[in-house]
Structure formats: structure tokens, C-alpha cells
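These are my notebook entries on one structure. I set down what I looked up, in the order in which I looked.

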Amino acid sequence: LLCRRKFASAEMLAKHEEQSDMHRQKVEEARKAQISEIKQDVQKAAISQEKKVDKMLRRQDYSQQARDERENQKALREAEEAARLGIDPRRLKDGPDDKNKGTQMMRAMGWTDGQGLGSTGQGIMS
């Protein structure tokens, strides 16, 4: 109830609600306050959602940057290792050389490209 006055009967309360300008103003103020609260709640929820989306996007960006950096570092290590061993890095990308004696022996034992080493194929793949 908006009115704090005590009325003797429900009829008097109804009459007051119908005819009192002050009552109408209080009802309107209460309605506006309620609408304002709802708007603030919606605004807070929207801001919260925006922050969550921003956070997710930052994580994705950082994750992608970290992946790219790891890939670059791996390629650099492979190139350094190939240079240290005197191997042409382009040949490493092509896979094992069929002229290589070790590759010929492995193929004779049933090994194929992309298969792991070991009795169950669980070992090194490259």
C-alpha cells in the first residue's frame, strides 16, 4: 500500500484512490521508480555481458597469439637443428627419403609414412 492513512472501510479506501490527487502522484512515482530500477538492472546486465564477451575475446586473442608464437619457436628450433646437422630444412617437410637405407629397412618391416614406431604403433610419428 502506498497510502499510510488508515481508512475505516474498503469503500473509503477505494474512494480515496479514485479521488485523491496525492494518491495518484504517489502511484505514478512508485511506477516510475520501479521502471527506473528495471532499467538499471537491464543496463547492469548488458554491461556485465559486454565485459564477459570482451574477456572471452581477449582470451581467444591471447590464445591464438600464444599458439602462433609456439609454432614460430618450433619452426625456428627445427631450422636451427637442421642447420646444425647440415640438413636442408625443405627436405624435412617432404618426409623420409626413399633412397635412405634406414627408410628402406623400415618399409621392408611393414612401416608406412605417418605410422608410429613400436610394436603397437604408439611411438614417434615423424
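I recorded the ground rules next. The model is predicted, with local features requiring pLDDT of at least 70 and side-chain atom pairs counted only at pLDDT 80 or more, while totals for chains, interfaces and linings use all residues. Residues are numbered from 1 along each chain as its sequence is written, and side-chain values use heavy atoms, with hydrogens and water left out.

Entry on confidence by element. I took helices as DSSP runs (H or I, at least four residues), numbered from the N terminus. Confidence in the chain is highest in H2, at a mean of 89, and lowest in helix H3 (residues 89-94), at 61.

Entry on helix H2. I compared the expected span, which is 1.5 Å times one less than the number of residues, with the model. For the 65 residues of H2 (residues 21-85) the expectation is 96 Å, and the end C-alpha atoms lie 95 Å apart, which agrees. Just after H2, I found Gly86 with a positive phi of about 75°.

Entry on charged pairs. Side chains of opposite charge can pair when their charged atoms come close. I applied the salt-bridge rule (a side-chain nitrogen of Lys or Arg within 4 Å of a carboxyl oxygen of Asp or Glu), and the count came to three. For accessibility I used these classes: buried under 20% relative accessible area, exposed over 50%, partly exposed in between (1.4 Å probe, protein chains only).

I looked up Arg24 and Asp21, whose side chains meet in a salt bridge at 2.7 Å, N to O. Arg24 and Asp21 are about one helical turn apart because three residues separate their positions in helix H2. Arg24 is partly exposed at 41% relative accessibility, whereas Asp21 is exposed at 53%.

I then turned to Arg31 and Glu28, with 2.5 Å between the closest N and O atoms of their salt bridge. Arg31 is partly exposed at 41%, and Glu28 is partly exposed at 31%.

I also looked up Arg84 and Glu81, whose salt bridge has its closest N and O atoms 2.6 Å apart. Arg84 and Glu81 lie three residues apart in H2, so about one helical turn separates them. Arg84 is exposed at 59%, and Glu81 is partly exposed at 35%.

Methods: Helix = DSSP H or I, 4+ residues; strand = E, 2+ residues; numbered from the N terminus. pLDDT = per-residue confidence, 0-100.
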